[in-house]
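Hi,

Here is the structure I promised to pass on. Have a look at it first, and my notes on what turned up follow below.

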Amino acid sequence: SKKYIRDFINAHLHEIDKIQPSFFELTVALAFRYFADMKVDFAVIETGLGGRLDSTNVITPLISVITNISYDHQSMLGNTLPLIAAEKAGIIKEAIPVVIGESQDEVSDVFYKKAEELHAPIQYADQHLSLNQKAGFKGELVYDVYNDGKLWLKDLKTDLIGPFQSKNIITGLYALKALSTHIPLDFDKVVEGFTEIHKKTGYMGRWQILDKGPLILADSAHNVGGMDLITKELKMIKDGKLHIILGFVNDKDISDILAMMPKNAQYYFAKANIPRGLDAALLQRQSETYGLKGQSYISVRKAFAAARRHAALEDTIFIGGSIFVVGEVLEKY
């Protein structure tokens with residue numbers, strides 16, 4: 001509630017003035033205080049940047065989960081995948097199990113060495129679980145889940161759609177499976193919970209369909225790994241013309257992302273309304289070197305309005321590049 005936030009700030013004004021925390025650091029402290037006061041059963045804590053030096057890393061978790069490693073925030077995390085992995089591996093704790101979502105040869109040694117050093121049991125989700133998609137209709141997918149080649153969960157229905165969600169489902173399920181060796185979990189309830197993740201969690205901004213005439217999609221993937229899956233999916237769209245509203249933050253190298261973006265689309269370059277937003281005109285010039293054609297706009301709102309004006313009913317509008325860009329569009333819905 002607003003009152004809870006006000007009371008927290010007022011109670012800690014002296015420490016805030018003394019420490020001068022970042023917005024993220026302050027909200028992490030607020031969240032941890034809130035979780036404690038509400039006596040939550042479980043809290044899922046996602047690191048903000050990297051892991052080793054992230055403010056969330058003060059906790060000792062029941063389990064550590066690392067999804068995959070991709071180029072992101074190289075100016076702070078390092079410009080090679082092993083360097084970035086070393087920062088992510090900083091969340092591995094003494095004797096606490098760690099689950100890695102995706103096997104990647106280039107970084108596996110980093111995780112194995114860190115886990116061995118800290119006597120942390122380590123497992124790769126994708127080496128044990130696999131999904132067999134049985135059906136898909138009206139925003140819902142149905143899978144059979146196999147564990148080490150044997151049927152484990154039958155008819156797992158989920159409203160998680162998007163080209164990346166199969167990897168996320170495998171990682172999440174295996175993390176729960178690893179957790180269940182320490183805490184009793186009812187996997188019938190897990191299967192039940194998967195059916196309405198959007199409704200039950202307010203999950204948004206990942207391959208989210210905002211409208212169907214024209215089709216409007218929003219996705220907040222913002223690193224090479226995430227955008228690779230998104231761009232492959234966008235390139236498969238055959239009906240109508242593709243309109244892309246694109247914006248980034250200014251503290252990352254986006255050249256690899258721009259190189260993989262569809263060249264047959266009309267682009268609307270925009271700056272999110274935050275200090276870290278990348279100047280739209282600068283983004284336009286950089287994008288043109290990769291064959292991406294379009295106009296720059298002074299705001300995400302104006303870029304979105306222009307895309308809607310120019311798009312026919314059979315066209316597709318995609319909003320992405322930054323969670324901040326997506327967030328500004330979602331405010332309308």
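Predicted model: local features only at pLDDT ≥ 70, side-chain atom pairs only at ≥ 80, totals over all residues.

**Helix contacts and a few residues**

As for how the two are arranged, helix 7 covers residues 165-179 and helix 8 covers residues 187-194. They pack at an angle of about 155°, and their axes are 12 Å apart. Since angles over 145 degrees count as roughly antiparallel, that makes helix 7 roughly antiparallel to helix 8. The crossing of helix 7 past helix 8 is right-handed.

Now for the other helix pair. The axes of helix 1 and helix 3 come within 11 Å and cross at roughly 115°, and the two helices are therefore roughly perpendicular to each other. Helix 1 also passes helix 3 in a right-handed crossing. On the helix 1 side, the contact is made by Tyr4, Ile5, Phe8 and Ile9; helix 3 brings Leu26, Ala29, Leu30, Arg33, Tyr34 and Asp37. By class, this contact of helix 1 with helix 3 has 8 nonpolar and 2 charged residues, with no polar ones.

Two of those residues deserve a second look. The count of aromatic pairs in the model comes to 6, and tyrosine 4 with tyrosine 34 is an edge-to-face aromatic pair, 5.0 Å centre to centre with 85° between the planes. Tyrosine 4 lies in helix 1 (residues 2-11) and tyrosine 34 in helix 3 (residues 23-38), so the pair ties together parts that are 30 residues apart in sequence. Tyrosine 34 counts as partly exposed, at 33% relative accessibility.

Is glutamine 104 buried or exposed? With a relative accessible area of 18%, glutamine 104 is buried, because the cut-off for buried is under 20%. Leaving aside residues up to four places away in sequence, glutamine 104 touches Asn68 and Ile69.

Cheers

Conventions
Residues numbered from 1 in each chain as written. Heavy atoms only, no water. Axes fitted to C-alpha atoms, helices over the stretch in contact; angles between N-to-C directions. Helix = DSSP H or I, 4+ residues; strand = E, 2+ residues; numbered from the N terminus. Parallel < 35°, antiparallel > 145°, perpendicular 65-115°, else oblique. Left-handed = near helix turned anticlockwise from the far one by under 90°. Phe/Tyr/Trp six-rings, centres within 6.5 Å; stacked < 30°, edge-to-face > 60°. Buried < 20%, exposed > 50% of the residue type's maximum accessible area, 1.4 Å probe, protein only. Contact = heavy atoms within 4.5 Å. Nonpolar A, V, L, I, M, F, W, Y, C, P; charged D, E, K, R; others polar.
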